[in-house]
Structure formats: C-alpha cells, structure tokens
Amino acid sequence: MQPVRICSLPPLLRAALIVISGLAGAAASAHHSFAMYDREHPVTIAGEVREFQWTNPHVWIQVLVPKPGGGMEEWSVECTSVNYLTRWGWTRHTLTPGDKVALKVYPLKDGSKGGSLAELTSINGRAPNLVRQE
Amino acid sequence: MTRLTGAMLTLLLTAPLPGAAAPPVPAPAPALTELYADARQPDISGLWLLTGAFYFAPDRSVPELLGEYKALYARRMQAFDAGHPIDDVTADCLPAGMPHMDVVPYPFEIMQTPGRVTILYEYDSVVRRIPVGPTGSGTGDSGTAASAAAADVDPSYYGVSAGHWEGDTLIVETRHIRADTQVDFSGLPHSDALTITERFRRKDATTLENRITLDDPKAYAAPFTVTRLYRLHPRWKIAEYSCSENNRNRTDAQGRTSSGVAER
C-alpha cells in the first residue's frame, strides 16, 4: 500500500491526522502511514521566521534557512489548526517575523522545502513556554 | 432639495400609517433562566470532544455495502490508499455534513432549552438545531417522524433532525441528507435514503455516549450501529474556525493537489 500523502488530503482529514500525530505520535488508529511527510527521518531546521500564518484550517510557518553553499531557501512548515495550537498554549504572538527559530520537522518526501511541524524547539535561543489547556 | 436625514427616515419607517391599527405590543421576553435552562430535560449539556479514532467505527468496520455503493467505496479506498482521496466535499471546505460531524476531531457544545437541543460545533462553526418533543412522544416540533419522512424536503448537508427523550437518553432522528456527504474521512458512502438515529446519554459526569445507527436500505444490507464516547472539557471554549481562511492544499477532481509549499 502506498503511504497517504498528508498534504494531498482534504483539510478535515489532514486535521484529523495531524491531531493524531501531535497527540499520540504514530497513531495506532489509522492503518495508513499518513505522510507525504517522512516521519521516519525528522530533520531540524534553523532559520529566521519570514511569516507566521496564524490561520485555519492550518497554521503555517515560513522560515528562511541558510543554504550550505550560501544564500537562503524558504521552508513552508505546516502545523495543525489555530484551535488546536491555542489549546496547546500557542498564540498569534508565539512567533514574529525575524525570530530565530529551531524546528523539528517531518520533511516532505518529494524533496520540496516543506514539512510538518514535529516540535518548536527554540525561539531566539530559548525553549518556548507553552502551557496546554486541560 | 431636502436631504433625508437618519432621524426623518426613522420617523417615516416607524410612524403608523394613517388609519392603520397600532401594532400589537410584543409579549415580555422570557427570563434568561427560562431560555437557557430546561430542568425538565436530563442534562447532556457541556463542551465535548470525541475520544478514539476518527473513522466512523473506531475499529474501521463498515456496513455491508450494496451494488453501486460497494463499487463506489472500493474506488474511493483505492484513491485514498494511493494518496489522493476523491469525492470528499470537505476538500474545498464544503460542509462535512452528517453523520461525519459525529466523528470530527474538534469539540462541540450542547445547549438545552425548552423544546430544543442545539449542538454548536467548532469545526466549520456549524450549528445543528434539534426540536425536541415531550418524553416518549417520538416527535419533535417539526411533526411526527413519519410525516417528516414523507415530507418533500430539499436534501441538505445536515438534514432535518427531530428528537425526543426516552429516560436519560435523547434520541435524534435525521433525514433528508445530501447523498454527496461522506460518513467519515475514509470516504464511506451513503444514499439519499439514509436515516441517522443518534442516542445521546450522559454515561457519567464527564462522559457523553452516542449510539449511532445508520439505516440506509439503498446502500447498506442492514442497519449499522457504533457507540462513540466524548469527554467533557469544562474549561475549554469553542473558538471560531473557518476552513476557507487559508486552505493551501485544495484538491482537483482527481483528488490531486500541491504540497502547500510556497512557490518563490
């Protein structure tokens, strides 16, 4: 069976799968591998926030990442919805353009510069202070 | 030329016409306690979130499908497994419809008022208005279940619902659902003959149970029932949710899309 390419899925389905992955890691509930994202090989990217799209159905972080040979490339990092991130302690002010961030990302398998957010590791050198709503 | 001021316009609109009878004085509004609580109903109110998987049946069992519906589901599953699901009305942010809303990964709030239960869903800011008849009546205020079934009603994403209480259980029957909604995100189909029966009861202080039966003689060999549980989240608030705000992953008719990666 082909793995499900999460970004090619409709918003509600992607929300469901991203929520599963965010809450429970590899979900036992779906027999599909739910990724155009490579969950086996997460990568850490470090760069500068170009844009923080605090939007539904999904939040996106546009990050400018230095290329090994010089210059910058832009990554599109997909998160879950505003509604879920809010309950996980995020706000629209969590990230601001210009912030230096490190992100753990499940990268796109096709090599495009994008991925699904696994963890916001640091903001301007500090661990993010996110308190989940119970 | 005289300009019509706001005050003049108000006068024109509110002054009684010559010879017309004075408008009837409206009855005083009911007290808020009367509007927003109904001690006669068992309490299933609160903010609830689905537990378990987002398939209609958590174990992914499905009804025995008939004829064209069996073939349709096979086509959809093939596309789903290949990574480009087809026919999903939510792809371009159209409503998920019923019974999909019973198994979405977003919370909903149940509000009980005399003669009505209202479900306020976070996903897509959907509202279901359920008229609720007296205990044991089997009717809502839209008429008997039989007349509702016979009525020539336009099919809609959420259909027409009527509820009644039996003991601690709210029984909601829903009909007139569009045939192009899906039962869950796997693409499980139903026909326009679908009747959904939801049986809501508060299993304990923090657990809502919903036994859902899908009766669809056109599409299914027999009625199909699952029991889903929802957990109370007393401190959460329902927030706005618009799917159309920034959907970067729209699909085409073949279910294919870009990755959502910004092109620059």
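This briefing goes through a predicted model of a complex, chain by chain and then by local feature. The predictor assigns the complex an ipTM of 0.72 and a pTM of 0.77. Chain A has two helices and five strands, while nine strands of chain B close into a barrel.

**Confidence**

- The average pLDDT of chain B is 82, and 75% of its residues score at least 70.
- Where pLDDT is low, the predicted coordinates should not be read in detail.

**Chain A: overall layout**

- Read from the N terminus, the elements of chain A follow the order α-β-β-β-α-β-β.
- Chain A has 134 residues, of which 40% count as buried.
- Among contacts in chain A with a separation of 6 or more, 58% are between residues 24 or more positions apart.

**Chain B: the barrel**

- The barrel of chain B takes its nine strands in the order β1-β2-β3-β4-β7-β8-β9-β10-β11, with mixed pairing.
- From one strand to the next, the twist averages 30 degrees.
- Strands β1 (residues 46-50) and β2 (residues 108-113) of chain B run antiparallel and are joined by three bridges.
- In this part of chain B, Gly46(B) stands opposite Ile110(B), a residue of β2(B).

**Nonpolar cores**

- The largest nonpolar core holds 44 residues, and Val104(B), Tyr121(B) and Leu214(B) touch the most other members.

- Gln133(A) counts as exposed because 11 other C-beta atoms lie within 10 Å, and the cut-off for exposed is 12 or fewer.
- Leaving out residues up to four places away in sequence, Gln133(A) touches Arg87(A) in its own chain, and Arg235(B) and Trp236(B) in chain B.
- Gln133(A) and Trp88(A) are 45 residues apart along the chain, yet their C-alpha atoms are separated by 6.2 Å.

**Cis peptide bonds**

- In chain A, the peptide bond from Asn56(A) to Pro57(A) is cis, with omega near 5 degrees.
- Pro57(A) sits in the loop between β1 (43-53) and β2 (60-66) of chain A.
- In chain B, the bond from Met98(B) to Pro99(B) is cis, again with omega near 5 degrees.
- Pro99(B) is found in the loop between α3 (67-81) and β2 of chain B.

- Asn124(A), which is not a glycine, has a positive phi, near 50 degrees.
- Asn124(A) lies in the segment after β5 of chain A.
- With 10 other C-beta atoms within 10 Å, Asn124(A) is exposed.
- Ser125(B) is not a glycine either, and its phi is positive at about 50 degrees.
- Ser125(B) is placed in the loop between β3 (116-121) and β4 (127-133) of chain B.
- Ser125(B) has 13 other C-beta atoms within 10 Å and so counts as partly exposed.

Terms used
Residues are numbered from 1 along each chain as its sequence is written. Chains are lettered from A and ligands numbered from 1 in the order in which they are written. This is a predicted model: local features need pLDDT of at least 70, side-chain atom pairs count only at pLDDT 80 or more; totals for chains, interfaces and linings use all residues. Helices (H or I, at least four residues) and strands (E, at least two) are DSSP runs, numbered from the N terminus. A residue is buried if 20 or more other C-beta atoms lie within 10 Å of its own, exposed if 12 or fewer, and partly exposed in between; C-beta atoms are placed from the backbone. Two residues are in contact if their C-beta atoms, placed from the backbone, lie within 7 Å. pLDDT is the predictor's confidence in each residue, from 0 to 100. Two strands pair if DSSP finds at least two bridges between them. Axes are lines fitted to C-alpha atoms, for helices over the stretch in contact, and angles run from 0 to 180 degrees between N-to-C directions. A nonpolar core is a set of buried Ala, Val, Leu, Ile, Met, Phe, Trp, Tyr and Cys residues joined through C-beta atoms within 7 Å.
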